Amino acid sequence: MGYLQAAWESYGAFLAQAPIVGTVATAVVVVSFVVTWAHFEQMLNHNPSEPPFVRYYVPFIGSMIEFGINPIAFIRKHQRKYGNFFTFLMFGRRMTVCVDIDGNDFFFNAKHSSVTAEDAYNSLTKPVFGEGVVYDVPNAVLMEQKRMMKAGLSIENFRSYLPIIVQEVNEYVDRHWTQPEGTVELLQCISEMIILTASHSLLGPEIRKQMHEGIADLYHTLDSCFTPIHFLFEWLPLPSYYASDKAHAELDRIFGEIITERRKHLGEKHTDMLDIFMESRYKNGELLSDKHIGNLLIALLMAGQHTSAATTTWALLNLAANKDIVADARREISSTMEREIPASADLPVPSLEDIKAFGMLDNIVRETLRIRSPLVQVMRKVIKPVAVPNTDYVIPAGNYILASPIISATDEKYYVDAEAWVPGRWNSQEDDGLQDKATTDYGFGATTASARSPTLPFGAGRHRCIGEQFAYMQIKTILYVLLSRFEFELDPKRGMPERSFNSMVVLPMGPVLCRYKRRSD
């Protein structure tokens with residue numbers, strides 16, 4: 001103890017006599033120690049049977065900062081060096097990246113007994129969606145809940161949703177875009193349109209009616225928990241967790257009152273998900289509790305809100321920079337509906353067949369999803385060592401596996417001028433590039449099993465997004481209304497925004513300014 005005290009006193013005296021030199025020397029010693037520790041840590045943990053490990057210089061932190069700044073650039077850089085499978089350290093978690101079509105197929109079709117989405121996402125989604133739903137239940141129960149949701153996404157229901165979406169968008173722009181021309185924060189406007197159209201069509205008129213009376217604010221409170229910090233620091237007593245509990249309690253009360261009122265009028269049929277959930281049963285005959293009905297409604301709205309808002313916003317920004325494509329889309333709309341479309345709120349409601357026949361709009365959405373996928377990475381947690389096919393690699397339990405389909409979706413190997421937004425490429429491009437069209441039923445209906453495709457914006461396998469058809473219908477209908485009624489231009493000062501990687505969903509970097517001008521008939 002005496003030696004340590006003497007050394008500390010000598011060090012203090014040295015700092016007092018030469019503070020600048022002392023500080024620099026201290027920093028050099030600390031950095032040298034940290035880098036040396038990281039070096040020996042990697043040497044001790046090296047295992048040639050595992051995917052190659054990205055070198056890091058700070059223990060525990062690893063490559064977190066470089067990955068967080070630009071995950072796409074990080075993955076591409078190390079893909080060139082290590083191939084399609086490699087591991088990096090991120091805040092104590094070992095993340096094994098799986099990219100290109102081999103990585104996509106391995107990731108999305110890995111056996112549930114070896115890798116799970118529940119263990120990867122529960123800490124992130126439970127504060128948002130609530131208990132007893134989605135990733136807070138065993139996978140078999142989740143598959144049953146997806147089956148219930150899919151029952152509400154029927155062709156018959158879609159037909160009833162179309163006039164609702166057209167009405168909501170018309171009312172929104174008439175209420176907010178009141179001038180003949182102006183500049184708007186496009187992402188904010190589109191986000192509001194998405195949540196209003198989805199809440200009215202999917203959740204029901206009673207819930208939509210209360211969106212401006214507090215429910216929207218409660219959703220925003222829950223949404224504040226869906227950030228990278230909540231994945232990395234799940235054990236911290238963050239204020240957002242307490243706010244989330246209060247928001248859930250209030251939503252339980254509101255949804256409970258609406259469900260009770262619905263039960264008083266069971267003879268009235270609705271085409272929304274609230275009716276579906278109230279009538280659905282698990283395979284054992286058990287009905288959903290009112291709390292779980294409410295939590296599934298939250299999950300349904302929150303799961304697609306950001307992704308659809310991001311896709312619609314990016315589509316409009318690119319259209320604002322490509323007037324010729326807008327003109328072609330308008331001509332196709334008029335030709336398909338066999339009439340001139342008025343540039344006012346009186347525009348006709350397209351049929352579901354019309355929406356499906358809007359090939360230009362379909363290509364616009366598909367191309368936007370290809371180059372501006374809202375989700376840069378998706379994750380699973382390895383619970384049992386899993387071998388990577390056609391390699392000598394074995395990924396150990398405890399690792400996370402991470403897929404990033406946008407890497408292959410913007411690879412020149414699969415698409416000419418891959419980083420360019422060219423909707424017309426889908427006129428000749430094979431629909432999805434899948435090499436295997438076989439389907440599998442995981443418990444919620446048949447879905448394509450293979451993930452050997454360069455473009456997978458809705459995932460694949462047991463966790464494939466069941467809302468794909470609704471998303472296309474919703475986005476194309478919103479574009480139909482907006483392109484019919486307005487001209488759009490990029491803000492001359494801001495231009496085309498860069499991507500922001502600060503949240504779980506990749507959004508345009510704000511403020512997302514865009515100019516609109518009302519069209520005249």
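Hi everyone, let me start with a tyrosine: Tyr-415 is buried, because its relative accessibility is 2% and the cut-off for buried is under 20%. Before I go on, please keep in mind that this is a predicted model.

So what sits over the face of Tyr-415? That would be Arg-370, at 5.0 Å from the ring centre. There is another arginine to show you here: Arg-372 has its charged end over the ring of Trp-314, 5.1 Å from the centre.

Now to the aromatic pairs. How many does the structure hold? The count is 22. Take Trp-177 and Phe-488: their ring centres are 6.1 Å apart and their planes meet at 75°, so we call this pair edge-to-face. Are they buried or exposed? Trp-177 is buried, at 1% relative accessible area, and Phe-488 is buried too, at 5%.

One more aromatic item: Trp-177 and Phe-488 form one cluster together with Phe-486 and Tyr-516.

Lys-476 sits in helix H20, residues 468-485, and it is buried, with a relative accessible area of 3%. Which residues does Lys-476 touch, leaving aside those up to four places away in sequence? They are Ile-355, Lys-356, Phe-358, Leu-361, Asp-362 and Val-365.

Last, the backbone. Most residues other than glycine have a negative phi, and most peptide bonds are trans. Here are some exceptions. Gly-510 and Pro-511 are joined by a cis peptide bond, with omega about -5°; Pro-511 is in the loop between strands S13 and S14. Glu-338 has a positive phi of about 55°, in the loop between helices H16 and H17, and this glutamate is exposed at 72% relative accessible area. Asn-390 also has a positive phi, about 65°. Asn-390 lies in the loop between strands S6 and S7 and counts as exposed, at 84% relative accessibility.

Terms used: Residues numbered from 1 in each chain as written. Predicted model: local features only at pLDDT ≥ 70, side-chain atom pairs only at ≥ 80, totals over all residues. Heavy atoms only, no water. Helix = DSSP H or I, 4+ residues; strand = E, 2+ residues; numbered from the N terminus. Buried < 20%, exposed > 50% of the residue type's maximum accessible area, 1.4 Å probe, protein only. Contact = heavy atoms within 4.5 Å. Phe/Tyr/Trp six-rings, centres within 6.5 Å; stacked < 30°, edge-to-face > 60°. Lys NZ or Arg CZ within 6 Å of the ring centre and 35° of its normal.
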